[in-house]
Structures are given as structure tokens and as C-alpha cells.
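Here are my notes for you to read alongside the model. Take the points in order and keep the view open as you go.

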Amino acid sequence: MKSWDMKPATRDISAELAVIDAMAEEDIDFSDAPEITDWTGAVRGKFYRPEKHAVTIRLDSDVVAWFKASEPKYQTAVNRVLRDYMVSHLEAAPRKTGS
């Protein structure tokens with residue numbers, strides 16, 4: 001459901017959310033929703049869909065041909081490879097601290 005497609009919260013729900021928002025983290029009872037520590041089988045992007053931007057990029061024809069031949073959704077596969085590359089470099093790069 002898109003945010004523009006969602007109905008506005010009722011006053012009752014808004015009041016409940018305000019009460020929860022005002023609570024300290026340690027005062028919230030999470031016993032009926034225990035923390036997940038085992039993420040095996042988790043699926044990335046099942047609920048979150050990042051905003052997409054249409055771009056024009058020039059790639060070697062053999063690279064495009066390989067992706068098209070090996071992946072039905074080759075653009076998604078290219079995006080996945082680029083994301084994995086980005087994430088690996090974010091993890092390896094030293095964090096910059098604000099000054």
C-alpha cells in the first residue's frame with residue numbers, strides 16, 4: 001500500500017501512537033514481539049522498495065549480453081551487483097566523523 005493510498009489514522013489510533021511515542025524504549029512491552037536474532041531465510045526488499053531513478057549508462061556489450069542471457073530481470077541483477085559492490089566498499093571504508 002502506498003502512502004498516498006493509505007487512509008488517515010483515526011483519532012483513537014493517533015492517541016495510542018502518541019502515548020507509545022512518549023514512552024521510553026525500556027518501558028515498552030515487546031514480550032509478544034521478541035527480537036529476531038536469526039536472519040537466515042530473510043529476504044531483502046520484501047517490504048522496502050527503494051526509490052528508483054532511470055539513468056543512461058554505457059556498458060560493454062558483452063557485459064549486457066551476459067546479464068541478459070543469465071537473468072530474466074537483467075537490470076535488477078545489474079542493480080544487485082552494484083549494490084553489493086557499494087555495500088562492501090561502505091563496510092571497508094573508514095567512517096568519517098563530523099567536525
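1. A word on burial to begin with: a residue is buried under 20% relative accessible area, exposed over 50%, and partly exposed in between (1.4 Å probe, protein chains only). By that rule Phe67 is buried, at 11% relative accessibility. Across the 99 residues of the protein, 2% count as buried.

2. Some ground rules. You're looking at a predicted model, where local features need pLDDT of at least 70, side-chain atom pairs need 80 or more, and totals for chains, interfaces and linings use all residues. Numbering starts from 1 along each chain as its sequence is written, and side-chain values use heavy atoms, with hydrogens and water left out.

3. Now the overall layout. The protein has 3 helices and 0 strands, in the order α-α-α from the N terminus. Helices here are DSSP runs of H or I with at least four residues, strands are E runs of at least two, and both are numbered from the N terminus.

4. Back to Phe67: what does it form with Trp66? The structure holds 1 aromatic pair, and it is Trp66 with Phe67, edge-to-face, at 5.0 Å centre to centre and 85° between the planes. Rings of Phe, Tyr and Trp (its six-membered ring) pair if their centres lie within 6.5 Å; planes under 30 degrees apart are stacked, over 60 edge-to-face, and the rest tilted. While Phe67 is buried at 11%, Trp66 is exposed at 55%.

5. Next, the salt bridge, meaning a side-chain nitrogen of Lys or Arg within 4 Å of a carboxyl oxygen of Asp or Glu. A search of the whole structure finds 1. Arg80 makes it with Glu71, and the closest N and O atoms are 3.7 Å apart. Arg80 is partly exposed at 40%, and Glu71 is partly exposed too, at 27%.

6. Last, have a look at the largest pocket, with a volume of about 1,100 Å³. Of its 26 lining residues, the closest to the centre include Lys52, Gln75 and Arg80. On a 1 Å grid over the protein atoms alone, a pocket is an open set of points with protein on both sides within 12 Å along at least five of seven lines, and lining residues have an atom within 4 Å of a point. The volume is the space filled by probe spheres set on the points, which are joined across faces, edges and corners. Helices H2 (61-70) and H3 (74-92) each supply at least two lining residues, and H3 gives the most, with 10.

Note on methods: On a 1 Å grid over the protein atoms alone, a cavity is a set of points where a 1.4 Å probe fits but cannot get out, and a pocket is an open set with protein on both sides within 12 Å along at least five of seven lines; lining residues have an atom within 4 Å of a point.
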